[in-house]
Amino acid sequence: MKDERKFTNTGDRSYRNDDITVYWKPSACIHASSCYRELIEVFDPGSRPWINMKGAETDRIIETVDLCPTEALAWKWNEESRNAEVSTGHTNHIKFKRPELYKVPPATEEPGPVSVKIMRDGPIVIEGTFTLLHNETEKRLIKTINSFCRCGSTKSPPYCDGEHRIKGFEG
Amino acid sequence: MERNKQKETIVEVISNGPLKISGNIKLTDSVRGITSEDNEIYLCRCGKSGNKPYCDGSHKRHQGM
């Protein structure tokens with residue numbers, strides 16, 4: 001299991017193993033002590049770093065973080081899609097304790113139609129959310145606007161580079 | 001690769017050929033007065049089509065696409 005710490009400017013820190021990330025917000029700690037009483041193998045105020053993500057199984061870490069009465073400790077699954085399913089029983093999931101850290105997964109609703117506009121003597125302008133297949137690669141473009149060459153003269157195909165104007169393309 | 005054509009719009013740059021667009025599309029060409037919601041279109045990229053904005057295969061007769 002990888003153990004990785006990340007420091008931020010605010011004194012808040014995050015610690016991760018392969019499954020989850022635990023967020024530590026020292027300014028919110030009221031020293032209720034539930035964390036180290038429950039799981040000293042992970043939460044040891046006498047050690048540096050004081051959170052050792054290798055100290056116990058993920059389930060035990062989650063259970064202990066959920067005991068923290070404040071937002072000093074919070075957690076999330078690293079696999080973002082799993083976070084949407086976390087129930088309120090997990091009181092200290094970031095959705096409930098640190099919503100500012102929770103990125104709502106992209107809406108699964110169907111995106112609207114992709115707009116394809118043919119510009120006078122110019123490119124094809126495509127706007128919206130779509131998958132672009134080009135040279136065996138696949139790119140998901142979300143709410144973007146791109147212009148594709150229609151005159152055959154661009155120096156950066158498939159995109160338009162304005163060359164149509166220089167070449168006097170009509171169409 | 002399996003794709004759901006109805007839900008996902010795919011823009012495919014066909015090598016030395018047109019731009020294939022499939023899925024939920026709204027095409028507008030105000031110069032020619034075309035609007036279309038066809039689920040699959042092939043748009044000319046070479047500038048030589050006689051049926052713009054669509055591809056008519058003219059690129060095959062021209063080098064340098």
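**Figure 1. Salt bridging across the interface of chain B and chain A in the predicted model.** The rule finds 1 salt bridge across this interface. A:R140 and B:E8 form a salt bridge in which the closest N and O atoms lie 3.8 Å apart. This N–O distance falls within the 4 Å cut-off, so the pair is counted as a salt bridge. Across the interface of chain B and chain A there are also 13 residue pairs in polar contact, both residues being at pLDDT 80 or more.

**Figure 2. The side of chain B that touches chain A.** Strands β1 (10–13), β2 (19–22) and β3 (25–29) of chain B are the elements that each give two or more residues to this side. The largest share, 5 residues, comes from β3(B). Classified by residue type, the side of chain B that touches chain A comprises 13 nonpolar, 5 polar and 9 charged residues.

**Figure 3. Extent of the contact between chain B and chain A.** Chain B contributes 27 residues to the contact and chain A contributes 29 residues. The area buried between the two chains is about 2200 Å², and carbon and sulfur atoms give 57% of this area. B:V11, B:V13 and B:R45 together supply 22% of the area that chain B buries against chain A, more than any other three residues.

**Figure 4. Strand pairing between the chains.** Strand β6 (residues 124–134) of chain A pairs with β1(B) in the parallel sense, over 3 bridges. Within this pairing, A:L133 stands opposite B:E12 of β1(B).

Figure 5. Over all chains, a search of the whole structure finds 10 salt bridges.

**Figure 6. Predictor confidence in chain B and in the complex.** Chain B has an average pLDDT of 87, and 85% of its residues score at least 70. Among the elements of chain B, strand β5 (residues 40–43) has the highest mean pLDDT, 97, whereas strand β4 (residues 34–36) has the lowest, 94. Over residues 1–6 of chain B the pLDDT is below 50; beyond near neighbours in sequence, this stretch has 10 contacts in the model. Where pLDDT is low, the predicted coordinates should not be read in detail. For the complex, the predictor gives an ipTM of 0.88 and a pTM of 0.54.

Definitions and conventions:
Residues numbered from 1 in each chain as written. Chains lettered and ligands numbered in written order. Predicted model: local features only at pLDDT ≥ 70, side-chain atom pairs only at ≥ 80, totals over all residues. Heavy atoms only, no water. Contact = heavy atoms within 4.5 Å. Buried area = accessible area lost by both parts, 1.4 Å probe. Salt bridge = Lys/Arg side-chain N within 4 Å of Asp/Glu carboxyl O. Polar contact = N/O pair within 3.5 Å; in protein donor to acceptor, adjacent residues only side chain to side chain. Helix = DSSP H or I, 4+ residues; strand = E, 2+ residues; numbered from the N terminus. Nonpolar A, V, L, I, M, F, W, Y, C, P; charged D, E, K, R; others polar. Pairing = 2+ DSSP bridges. pLDDT = per-residue confidence, 0-100.
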